[in-house]
Amino acid sequence: MFEIELKASLTNRKEVEEKISQFAEYLGKTEKSDVYWTQSRVGHPQKVRLREETDKPLRVNYKKKEIRSGQIEVNDEYEFTIGAGSDKKEAAKEKLSFETFLSSAGFSPSMVKHKDTKRWNFEDTLIEVSYVDKLGDFIEIEILSETADTERTIEAHKKLLRTLEKAGVPEENIETRYYSELLEKV
């Protein structure tokens, strides 16, 4: 599955949330805590993300990332859960086992990211407005796609930009750097 998305910094989060609420279905709040594990033995660093999110099992994620058209992120994403269906004690054991596996494979924790997020659904897009610790407020707009061919990416890009405009966020606020790049500079 491919994520086609863009993100932009916000100067007035409350105003943007009010505008989004006028055209999109509110899905609720969530907190996301990510620990990035990096392994550098194989040429360029490989990163795996472990995400703990409110009321969800631990998710393990690997993305092949790419910026297209200078503005939008296209990610070939691979993800699975750990601890789904387990009680909290068993889920914690499974998490520890996976972290031990990562460590044995040469990975080590390299970065932590925390987001407090409000989510909306608009047609086939997910809109998230988040406070990212150490970085501030952002809007992320995402479309999931089975393909990332040029035609689908161009179509999605146009829809992402229309949604951004509808939310009242200027295009010049688009941030093309990944959060991990931004956090490395803090």
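**Buried residues and salt bridges**

User: Why is R59 called buried?
Analyst: R59 has a relative accessible area of 16%, and buried means under 20% (exposed is over 50%, partly exposed in between; 1.4 Å probe, protein chains only), so R59 is buried. The model is predicted: local features need pLDDT of at least 70 and side-chain atom pairs 80 or more, while totals for chains, interfaces and linings use all residues. Residues are numbered from 1 along each chain as its sequence is written, and side-chain values use heavy atoms, without hydrogens and water.

User: What makes R59 and E53 a salt bridge?
Analyst: Their closest N and O atoms are 3.3 Å apart; a salt bridge needs a side-chain nitrogen of Lys or Arg within 4 Å of a carboxyl oxygen of Asp or Glu. E53, at 7% relative accessibility, is buried.

User: How do you know that K63 and E3 form a salt bridge?
Analyst: The N to O distance between their side chains is 3.1 Å. The pair links strand β4 (residues 58–68) with strand β1 (residues 2–9), K63 and E3 being 60 residues apart. Strands are DSSP runs of E, at least two residues, and helices runs of H or I, at least four, numbered from the N terminus. K63 is buried at 19%, and E3 at 6%.

User: Which strands hold E140 and K115?
Analyst: E140 and K115 form a salt bridge at 2.7 Å. E140 lies in strand β8 (residues 136–145) and K115 in strand β6 (residues 108–122), 25 residues apart. Both residues are buried.
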